[in-house]
Amino acid sequence: NPEECFYMAVAAFDLADQLQTPIMMLSDLDIGMNDWICPNLQWDENYQPDKGKVLSAEDLESMEEFYRYFDSDGDGIPYRTLPGEHPKGAYFTRGSGHNKYGAYTEDSTEYQEVVDRLLVKWNTARSMVPAPTIEYSKFNSTAILSVGSCDEAIKEALIRLKEKNIGMNYCRVKAFPFNDDVKTFIDKHEQIYVVEQNRDGQLRSLLILDVDADPKKLVSILHYDGMPINAEFVIDKVEEEITKGCVA
């Protein structure tokens, strides 16, 4: 809902500082162009942004040397400095290539070491981005996985499908790279209906690329006619896919 979008936007600013990388906050056209009923925003006036790994003047004073790209914690995220904080925090790099100490290099091994650190940071990000919302009604071998404004339509569809004795679990992803819980959810089910408002099934493709999900498990249910997705559409498509499976 719009309120949740606001809080996720705030989290995106913190993540950009913590991960030291651009963060893209994406919202549905449906949310942006239509009126939504939601509670009044309750903002915490004591909220403080989390800038992540920033060294203070005192930290720098006590260090022998500051190396901008040195991963001392093993999570792929090096410490950084703010301009004017301390002379020892200044550094200079060229975009054409630098090593983990921030020095210019054309050495292929040193260059690869820096790129490999970025992969470590990518995997660290999985535990930092917003976790998915997962609902297990009971043991079900099938489930629905979706994103964004499909949520309300799917929740209604799940209730109505249950009335027809079609029980399914549900996972709503909220961030990419995918949290490890998303991979665990997929692994627990024999078939996942991936519902998205996208002609090309991009969510399904990302699941295959990022968490090595089995393509045979992921069945695309695509809605892209320009109108907001509704529960009836989800129900019809799920029943259609179940019928195909029975015939096979």
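The model is predicted, so local features need pLDDT of at least 70 and side-chain atom pairs count only at pLDDT 80 or more, while totals for chains, interfaces and linings use all residues. Residues are numbered from 1 along each chain as its sequence is written, and side-chain values use heavy atoms, with hydrogens and water left out.

**Exercise 1.** Determine which residues of α7 are buried and where they lie around the axis.

*Solution.* Helices are DSSP runs of H or I with at least four residues, numbered from the N terminus. Buried means under 20% relative accessible area, exposed over 50%, and partly exposed in between (1.4 Å probe, protein chains only). In α7, the buried residues are Leu 203, Leu 207, Asp 210 and Val 211. They lie on the same side of α7 because they cover an arc of only 90° around the axis, taken from the directions from the helix axis to the C-beta atoms.

**Exercise 2.** Identify the elements against which the buried residues of α7 pack.

*Solution.* Contact requires heavy atoms within 4.5 Å. The partners are the helices α4 and α6 (180-187), together with β2 (142-147), β3 (169-173), β4 and β5; strands are DSSP runs of E with at least two residues.

**Exercise 3.** State whether Leu 206 is buried or partly exposed.

*Solution.* Leu 206 belongs to helix α7. Its relative accessible area is 33%, so Leu 206 is partly exposed.

**Exercise 4.** Describe the backbone just after α7.
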